[in-house]
Amino acid sequence: IRHRLEVEGYQWNDLIDSRLRAKNAGTTLDRIVPIGAYDCLLLVGSTETMQRWAARSQTPALVLGSSFPGIALPSVDTDYRALGWHAAGRMAAAGHTRVTALFRNPMRQGDKATIEGLQDYWNQHPDTAGAIRLTALAGGVEETCTQLERLVRRAQKPDALVLFQPTDAVIALTHFLRTGRRIPDDIALLSRESVPLMAAMVPELTRYGSNEARLVRQS
């Protein structure tokens, strides 16, 4: 998207500030996005607070992701609810009955939609005897590995993990291989997102991908 806009003569500015993840992000946005400074805002990985601010501002905005309910902003994104439904169906077909979904806070709308899809599938297919648990990951690589290890040492340990962030999927794969687990025999991994490096991993991670060219055209 950036390349396409710059070719057409637009100036691109990245506005990155850790305070935008806070609940009072509107105050920060008031300072870094003066009225009339930009022709359009592209909201990437945006929180509900950021989207509500953008909906009230005088600058046109496009959400690269999912808009939260009740927020009238145009958006371009994957149908994450359908993705969650499909993922649950594939895992059920593979015989997995104890699935844990791993996400990061603050939860984005796409995360919520994915969880809805996962839960709705099992609610409507009780014959699969499946169950979905939710776990929020926190911290860096070391902390994530500790959380993963605790999960698989439980008496009712999961037989499959759905990881919302590609970085967490890579951490999980490398951690389990390092600790002698077999993928997918001991535990199955599914990454909701994909990055090019995953195609070079052995074993290759099971994952969903997006048609980036199509998303650029839609934007």
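**Glu-149 and its chain**

Author: Of the 219 residues in the chain, 41% count as buried. This is a predicted model, where local features need pLDDT of at least 70 and side-chain atom pairs count only at pLDDT 80 or more, while totals for chains, interfaces and linings use all residues. Residues are numbered from 1 along each chain as its sequence is written, and side-chain values use heavy atoms, leaving out hydrogens and water.

Reader: Why is Glu-149 called buried?

Author: Buried means under 20% relative accessible area, exposed over 50%, and partly exposed in between (1.4 Å probe, protein chains only). Glu-149 has a relative accessible area of 13%, so it's buried.

Reader: And where does Glu-149 sit?

Author: You'll find Glu-149 in helix α6, residues 141-152. Helices are DSSP runs (H or I, at least four residues), strands likewise (E, at least two), numbered from the N terminus. The chain has 8 helices and 8 strands.

Reader: What makes the link between the side chains of Glu-149 and Arg-181 a polar contact?

Author: That takes a pair of N or O atoms within 3.5 Å; within protein, one must be able to donate a hydrogen and the other to accept it, and residues adjacent in sequence count only if both atoms are side-chain atoms. The Glu-149 and Arg-181 side chains are joined at 2.8 Å.

Reader: Which residues does Glu-149 touch?

Author: Leaving aside residues up to four places away in sequence, Glu-149 touches His-175, Thr-179 and Arg-181. Contact means heavy atoms within 4.5 Å.
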